[in-house]
Amino acid sequence: MDQKPLLFSIVILVFIIAVSSCANIVAPQGGPRDSLPPVLISTNPVDSATNFTGNRISFVFDEYVEVQEVQSNLLVSPTPIINPLVEYKLRTLTIKIKDTLEKNTTYAIDLGNALRDINEGNILKNFTYVFTTGDSLDLNELTGRVMLAETGMPDSTLIAVLHRSGEDSAVAKERPRYYAKLDSSGNFRFRYLAPGNYYLYALKDEGGLKRYTGRSQLFAFAEKPVSVSGKAISPTLFAYAEKIPEEGKKKTNTRGVVVTKPKKEEDKRLRFQVNLEGGLQDLLGDLQLSFNDPLKTFDSSKLAFTDNDFRPISGYTITPDSTNKLFTIRYPWKENTEYRLVLDKEFASDSVDRKLLKTDTIEFRSKKQSDYGTLKLRFAAMDLARKPVLQIVQNDKTILTYAFSTAKEYSVKLFNPGEYDLRILYDTNGNGVWDAGSFFGKHLQPERVLHISKKLKIRPNWDNEENITLVAE
């Protein structure tokens, strides 16, 4: 018998087993993820070129690149009439200049965070190219900071702008000569400035115009021109928005037609809410009834305020607000005491004659004094001549104000537990509230508010005391 076919079959079988075993081996893992941004290899013309006369700049990188959200990232100084065109292909980025270049002028083109590699999206941050149409670069800088006057906090959505003209109308009608974005701390930095005097502003860039567009826009201005001459200065601006009364305004669509909401299914019940927290009444606050719609009638004789045994209570007041939707019951609450508010079904009706379907009783208890903490705040380095007013803020809402007169401290026996922000308003006109500025004609700066970085934490049944040193401005 010929052994060759048998031997051949055995060899084939061994080969198949070997291949099957190899197939079960885990595939090799790739190398570490690329976390590096693109690296610039060459530029034409070279960076910081002098006597620039062209209209095209090319950059070659070590890997394929792309540009995203270029319009929101691109910053060109001085501000052009027409922004340059930014294109990319494979490893090459091209900038085509569409504007007429001025003589003896230094230009900077900053792509912000728009440039990245295609594969991993690693950003080459603040990629900037500089050139001049003259013999040498202007290397002057101007730094500063913008704070919101009403809160003492920064707002990175604002921009700082520089104008050559000192006319008030320039900030509303002309393009700024230079502009700069703010960082998260409100800081700005202008680079490659020509020497001279500038008029410095900051504003909320609404619509990308980089101009003052109206009194409700966040806006700030330097009190005097800034001189850019190589000497380091760092001005601080305080932004404000004038408060425009909304009373009497009606919402309209784009054609001026009054907009009306579609009617919901008719509800015959009078709807209201109370401001109790878990059935507990704040010793420091008022009891409030808020109705979905304005009331047409309100009969206080059909409302009974009693103790837990239905004995009538006197010494309280009921006051409606201007809309007739909010009614406030004021009373000197006793701690840990039960109360009842009995509402007869005829006690009130709204504009479409909705009433309660039946008499309703609200049962609640007042809080204990131990639910609160005592509070004492002492302020060092406080200038009483500036008419300081303490503002205690929670969730961006001012819940308490206190005007200092002679003593530099504030104390109270009962204060609601929680975490609060502290501010000091320098109340120039002494009216107890923050007032905005007014630029055109008056050049009136807004009142300033100092934000205290340390949080105030009130613990219940505890003597909460803080010593605060105010930072000099």
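Tutor: Trp-333 and Phe-364 are both buried, a term for residues under 20% relative accessible area, with exposed meaning over 50% and partly exposed in between (1.4 Å probe, protein chains only). The model is predicted: local features need pLDDT of at least 70 and side-chain atom pairs count only at pLDDT 80 or more, while totals for chains, interfaces and linings use all residues. Residues are numbered from 1 along each chain as its sequence is written, and side-chain values use heavy atoms, with hydrogens and water left out.

Over the whole structure, a search finds 35 aromatic pairs; rings of Phe, Tyr and Trp (its six-membered ring) pair if their centres lie within 6.5 Å, and planes under 30 degrees apart count as stacked, over 60 as edge-to-face and the rest as tilted. One of these is the edge-to-face pair of Phe-305 and Tyr-316, with 5.1 Å centre to centre and 85° between the planes. Phe-305 belongs to strand β22 (residues 303-307) and Tyr-316 to the loop between β22 and β23 (317-320), eleven residues apart; strands (E, at least two residues) are DSSP runs, numbered from the N terminus. Phe-305 counts as buried because its relative accessibility is 3%, whereas Tyr-316, at 25%, is partly exposed.

Trp-333 and Phe-364 also form an edge-to-face pair, at 5.9 Å centre to centre and 80° between the planes. Trp-333 lies in the loop between β24 (326-330) and β25 (338-343) and Phe-364 in strand β27 (residues 360-366), so this pair ties together parts 31 residues apart in sequence.

Elsewhere, ring pairs join Phe-52, Phe-59, Phe-61, Tyr-107, Phe-127, Tyr-129 and Phe-131 into a cluster.

Terms used
Helix = DSSP H or I, 4+ residues; strand = E, 2+ residues; numbered from the N terminus.
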